[in-house]
Amino acid sequence: MRSRQRMFAAVMRLLLKCLRLGRRRRFKLVRQVERLWHYGHLCLRSLLYNSFTNGDVVLDSLFEPVYWLVDHVTRWFGVVFVALVIGLTSSIVAIVYICLLPLILQTYTPAWICWHLAYGHWNLIMIVFHYYMAITTSPGHPPQAKNDLTGVSICRKCIAPKPARTHHCSICNRCVLKMDHHCPWLNNCVGHYNHRYFFSFCFFMTMGCIYCSISGWEMFRDAYAAIETYYQTPPPTFSFRQRAFHKSVVYLWVLCSSVALALGALTLWHAALITRGETSIERHINRKERQRLQKKGKVFRNPYSYGSWDNWKVFLGVDVPRCGRRGHHWPCPVTRWPAQHTFAKRI
């Protein structure tokens, strides 16, 4: 009996020793895995550490393939967008000449006819002129000679001098002076030399769309009411020409009203930026700088703003002498280089 008890006690002691040894080995294995994990994490952070890295940099890196795709699609589809603008504008002009103008000549008084003819053709000339200039005018690029520029940074993509207010366009693959954005509807960058043409095109196109929407409101109501009767039984006896007239008027009013709302909002946005002496890119840069200085109890001041009124004078070029005098020529289709001191900081 005692021998059995001793044997049982020896077996139990052996089992306990095995359990303790297994537990120690298990803990040792877990500790080794934790050490390897921390060591690998430390090596990875030491290799990839950057004091300038933040959430924005990480997001930009993750979306880099998307940016590449968008840049290449925009570059190749720019011609399509330009053709679309020309086609839609030409269709509206054709409808106005074929459908609206005969009614104006038949129903309006001579004074109103003269006003419509004068304003309509002037607005059309301004739209065509500024769109053509915005497309064909180079936005401006920094000179490649390093001796021409002093105290400027170097573009990391061009490996070339980059003056103040200059940014690299990934679509054009070049640095642009005072870059605002790359416009696919122009198939061109909006920069120092064609920013005024771009804004003028947006402004006059918005005014033209508002003019067509207001002038064609009554005809739109009549045409829409006529189209609603197409599905009555029995259907009305409209000729093909009358049906085409109704649908053309509805198309004109809907397109012009939509463009007036969308392009009008864009024009107001750019007008606010011009008033503050900023571009679209500088708006985001200055906002971050304003928040950074606000945390330090400081006030941010845009170094390139000369005041609301003077910013508009610089933008429109009316403060630059021309032929010995200062010209207020913005309502006329006149080419004019912008002021060069827009790159100078306000002291």
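Among the contacts in the protein with a separation of 6 or more, residues 24 or more positions apart account for 63%. The model is predicted, and the values reported here are computed from it. Of the 347 residues of the protein, 33% count as buried, while the accessible surface comes to about 23,600 Å², with 66% of that area belonging to carbon and sulfur atoms. The secondary structure consists of nine helices and eight strands.

The UniProt record, in an unreviewed entry, places the feature "transmembrane region" at residues 76-100, 112-133, 197-214 and 249-272. In the predicted model, the chain over residues 76-100 is 100% helix and 0% strand, with the end C-alpha atoms 37 Å apart. Over residues 112-133 the chain is likewise 100% helix and 0% strand, and here the end C-alpha atoms are separated by 31 Å.

Aromatic side chains were examined next, and the count comes to 18 aromatic pairs. One of these joins Tyr119 and Trp122 in a tilted arrangement, with 5.8 Å from centre to centre and 45° between the planes. Tyr119 and Trp122 are separated by about one helical turn, because the two residues lie three residues apart in helix H4 (residues 110-136). An α-helix has 3.6 residues a turn, so residues three or four places apart point the same way. Tyr119 counts as buried because its relative accessibility is 18%, under the 20% cut-off, whereas Trp122, at 32% relative accessibility, counts as partly exposed.

A second pair, formed by Phe199 and Phe315, is edge-to-face, with 5.8 Å centre to centre and 85° between the planes. This pair links distant parts of the chain, Phe199 being in helix H5 (residues 195-215) and Phe315 in helix H9 (residues 308-316), 116 residues apart. Both Phe199 and Phe315 are buried. In H9, the buried residues are Asn311, Val314, Phe315 and Leu316, and the buried residues of this helix pack against H5 and helix H7 (240-276). Gly317, which follows H9, has a positive phi, near 80°.

Tyr119 and Trp122 also belong to one aromatic cluster, which is formed by Trp112, Trp115, Tyr119, Trp122, Phe203, Phe204 and Tyr211. An aromatic ring and a charged side chain are brought together elsewhere, where Arg243 lies over the face of Tyr230 at 4.3 Å from the ring centre.

Among the strands, S3 (residues 166-169) and S4 (residues 174-177) pair in the antiparallel sense over four bridges, and within this pairing the bridge partner of His167 is Val176 in S4. S3 and S4 form a hairpin with four residues between them, and Asn173 in the turn has a positive phi of about 60°. Arg156 is found in the loop between strand S1 (153-154) and strand S2 (161-162), and this residue counts as exposed because its relative accessibility is 81%, a value over the 50% cut-off. The C-alpha atoms of Arg156 and His168 are separated by 9.0 Å, the two residues being twelve residues apart along the chain.

Technical notes:
Residues numbered from 1 in each chain as written. Predicted model: local features only at pLDDT ≥ 70, side-chain atom pairs only at ≥ 80, totals over all residues. Heavy atoms only, no water. Phe/Tyr/Trp six-rings, centres within 6.5 Å; stacked < 30°, edge-to-face > 60°. Buried < 20%, exposed > 50% of the residue type's maximum accessible area, 1.4 Å probe, protein only. Lys NZ or Arg CZ within 6 Å of the ring centre and 35° of its normal. Contact = heavy atoms within 4.5 Å. Areas by Shrake-Rupley, 256 points an atom, 1.4 Å probe, with all protein chains shown as cover. Pairing = 2+ DSSP bridges. UniProt positions renumbered as here; feature names shortened; annotations may be inferred.
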